[in-house]
Amino acid sequence: TGAVPSAALQAVLTTLRAQPTDIRAFVTAEPRVLLPPSLPHATVDHHFAHAATAALTSPFSTAAVLICDEHGERPVSVWRFDGGRLVNVDWPWEGDGFGTIYSQCTQLFGFEARAEHKLEALARLGADDGAEALRGQLSYANGRLAVSPRWPDTVSKWLSGSAGPSAWNQAA
């Protein structure tokens, strides 16, 4: 558990046509990830890793990067990317973030913890026929995420089939 398989490391090196000695450091965002002791390893902040992935794989030379994740010191962080540098912008945030709400919703759909990707896959399957009911319960205004404590009830009613879309809007 937590160990990166040697075959996976070798596959990455083969793809890059590189040898372990060609790599200055293998970088992870999780301190518990174990690499073979012979490999140089650095650990970076979880949100920094997300922001770097977004910025460095984008076609843009300048960008603002918003990270919404339930892991890390805060649920939301903002980064400025310019000239190849990524800088954390001090962004005030209180309460739950989008990632936390999404994870809670995933569990309401009956998926196990940390299975947000499964809910995301479902979102691509069909028409939007009830999400409007959440508009009044989950909103962003004045630099804050406003979350009604009733939002899980709305999703639960939708999932149980006990109320159609018009009833969800009345519950909102």
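Me: In this predicted model, buried means under 20% relative accessible area. Which residues of helix H3 are buried?
Reply: Helix H3 covers residues 98-108. A residue there counts as buried if its relative accessible area is under 20%. The residues of H3 that are buried are Gly99, Thr100, Ile101, Ser103, Cys105 and Thr106.

Me: What percentage of the residues of the protein count as buried?
Reply: The cut-off is again under 20% relative accessible area. The protein has 172 residues. Of these, the part that counts as buried is 27%.

Me: Which residue in the turn between S4 and S5 has a positive phi?
Reply: S4 and S5 form a hairpin, with 2 residues between them. In that turn a positive phi of about 60° belongs to Gly83.

Me: What is the bridge partner of Ala141 in S7?
Reply: Strands S6 (residues 138-141) and S7 (residues 144-147) run antiparallel, with 4 bridges between them. They form a hairpin in which Asn142, in the turn, has a positive phi of about 55°. The partner of Ala141 in S7 is Arg144.

Me: In what pattern do the helices and strands follow along the sequence?
Reply: The protein contains 6 helices and 7 strands. Read along the sequence, the pattern is α-β-β-α-β-β-β-α-α-β-β-α-α.

Conventions: Residues numbered from 1 in each chain as written. Predicted model: local features only at pLDDT ≥ 70, side-chain atom pairs only at ≥ 80, totals over all residues. Heavy atoms only, no water. Pairing = 2+ DSSP bridges. Buried < 20%, exposed > 50% of the residue type's maximum accessible area, 1.4 Å probe, protein only.
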